[in-house]
Amino acid sequence: MADPGKTAARERQKITRARIDSLQRYWRAANYLGAAQLYLQDNPLLDEPLKPEHIKPRLLGHWGTQPGINFLYAHLNRLIQDTRGQIMLVVGPGHGSPAVLANLYLEGTLAKFDRELAFDLDGLKKLMRQFSWPYGAPSHIYPGTPGMIQEGGELGYCLSHAYGAVFDNPDLIAVCIVGDGEAETGPLATAWHSNKYLDPAGSGAVLPVLHLNGYKIGGPTLLGRMSDDELFDLFRGYGYEVSLVSGDDPAEMHPLMWQALDWAYQRIRHIQERSRAGDMPERPSWPMIILRTPKGWTGPKEVDGLKVEGSFRSHQLPVPDPAGNPDHLKILERWLKSYRPERLFDRGGGPRPGTVAACPPDELKIGRNEHANGGLLLRPLNLPRPDDYAVHVSSHGQTRAEATRELSKYLRDVFRANGEPNNFRFFCPDEITSNRMEHIFEVTQRAFVWPIEASDEHLAPDGKVMEILSEHTCEGWLEGYLLTGRHGLFACYEAFIPIIDSMLNQYAKWLKVCREVPWRAPLASLNYLLTSHLWRQDHNGYTHQVPSFIDNVVNKKSSVSRIYLPPDANCLLEVADHCLKSRDYVNLIIASKHLSPQWLNMEAAREHCNRGASAWDWAGSGASDPDVILASAGDVPTEETLAAAWLLKKELPELRFQVVNIIDLFSIMSHHDHPHGLDEEEFTALFTEDRPVIFAFHGYPRVVHELIHHRPNPGRFHVHGYIEEGYTTTPFDMLVLNNMSRFHLAIDAATHASRLSSIAGDVVDRFQERLRAHASYIRENDMDLPEVRDWEWSQTGGS
């Protein structure tokens, strides 16, 4: 007996003239509202002849991509009506914001968040006037745009965001519209391969819609000039099954798009149902749609005798000067009236019933998809106790451990504890083994859906470790995962993370603005772990010695950015636990993977982390009135600072000094500049008011100088760090080349201790002699001096 529910669904999905007419009316309304937002500040329904005073003083925005976005949005509404599917739209052409706003207005979502955007003349007028108006709606998609997870200010990331959104979201379909200009970017080109990591059994699906309108801002697009056969071959090679929707006649295009979306939806469900029944295809061939339409479709054909529709001239403003040029004003009026707004909206300004008949129920509208406000779905991680993974430290510096290996034991159990919510993933560009984090493989594998060979290791379709040799794709996946309410960690070689500098810029701006949008719920923080860092890249050489990511994070808003430099494994465990609990931050953690001395037991590590910076009394000379302060931030700088302290106790016992370690880099800022900054009393207790500070820093010295700018007498800080000197050499020689070795720090301390100037010279000479011995020894022996290789901390220098 036939299932009446399925029969009714099939009836709804039939292409009928009435429903096509409904889609056409909706599309016309969206196109009208999108175009009007570019130009009008008054006369929203053209109830009177268009006049210059109705035109905005400044014309900003883009038209060319809008009709395609509106066309897809209309048809997704229809698909949602017929399937009741959970569909989220990710819009790559972010400058198509007027189109998105037009659709959100028509479906009633904007009025839900702003009552002034109601279905009346005042609401229409505000919609149009606010676009690209000071403190109105920005010209690009931004966090205040409901239903959206992608900032529109930069191209290339929409597809990786879409895939990140559907990982571990089995019921979600992310429809991702990719502009053909955006498709020329490196990040987007690589993101097509994300389908090889998508598990149909446990995750949702991405439906890419490549919108080929043929042009960028000033010329043709590469993919737009490819033939249909070339495009089919390209995307078949990427692993997609392609449906082409091409044309410029709406009467023909609406049925084609209807059929393409039905085919894609059915294909997605078929792959998922088969996989969830235990019969996953060896190479799942996911559907995608290529939508080929004219640039600026339905806009002016010509302006000033030049072709506009179907050319690059429609990219931004097809009619450049309607307020100042009467001919342009007539063209604009004729264009806007071509949509027949009086038939789409009633006299009160509200859309007529037939205009919005294509919209799905409120709970299924694209603008109200709960995954696009992921903080509402966020569940805290079940985190193990860091104490259970503590490295035993009975005496400072006597135990050695690999910090990242110890952290991987903790992360292994984070996966174990969160198997049921299934809301944590680890992202890494092909470096998890190199970074000593193999313990994670005890509970999960690398995600990989395509064929797995017998000699492969740690690959599985349902793996939660995301490895692809593209920092852009890892970052995009993680951002999409976080934005839809989950948690993650991105581990990367320090030298390669600057590849995604610009992505960090965009995401940090997104977080900053999210805090200003009252309906945006807090998200899990974006957590970076940088390892294989510059001070242990002696073997790879100069190209791998790049600490500049710190600078980028430092420059972000203080409400968003956090930087942690744990000196040992126990501090790393505490910092990671803290960061995984935090919300709406960009957390940068830098830690070595190499075998290193361990300084603090877990109790001391926790106290140190809570303070952000503290005096290590056990390492100083014990004097209450120090001649100098020895400060450090970073694991290798900490070891060198303690070795310098050890040398000074031995060679210059008269020197009074205090040792300070900084784990939270922003603690050295004024608390007026950053919420983590120490207050004046705390800062003075660590650094005094006037004594020289010899500061060993992980990154570029100028970073510290900038951070302490508002501190008392900042000129007394003598910062040693990376000064762009490097080579393929020994680990200690890297420090020597950059004047940050223990000998350089000790020389600086002795030189700045004015009280001991009469006796410091001989000590400085002895340290300089050891530097000369070092230079000779490494050239002869291909290793560092035994006194450096085998050095261990002891309470009394030289004992």
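**Talking through the model**

Mentor: Go ahead, and keep in mind that this is a predicted model. To start you off, Gln24 counts as partly exposed because its relative accessibility is 22%.

Trainee: Where is Gln24 found, and which residues does Gln24 touch?

Mentor: Gln24 is found in helix 2, which covers residues 17–39. Leaving out residues up to four places away in sequence, the partners of Gln24 are Pro250 and His254.

Trainee: How many Å apart in space are Gln24 and Ala460?

Mentor: In sequence, Gln24 and Ala460 are 436 residues apart. Going C-alpha to C-alpha, the spacing between Gln24 and Ala460 is 46 Å.

Trainee: What about Asn43: buried or exposed?

Mentor: Asn43 sits in the loop between helix 2 and helix 3 (66–83). Its phi is near 60°, a positive value in a residue other than glycine. Most residues other than glycine have a negative phi. With a relative accessibility of 5%, and the cut-off for buried being under 20%, Asn43 counts as buried.

Trainee: And what is the phi of Leu46?

Mentor: Leu46 lies in the loop between helix 2 and helix 3. Leu46 is buried, because its relative accessible area is 8%. Leu46 is not a glycine, yet its phi is positive, at about 55°.

Terms used:
Residues numbered from 1 in each chain as written. Predicted model: local features only at pLDDT ≥ 70, side-chain atom pairs only at ≥ 80, totals over all residues. Heavy atoms only, no water. Helix = DSSP H or I, 4+ residues; strand = E, 2+ residues; numbered from the N terminus. Buried < 20%, exposed > 50% of the residue type's maximum accessible area, 1.4 Å probe, protein only. Contact = heavy atoms within 4.5 Å.
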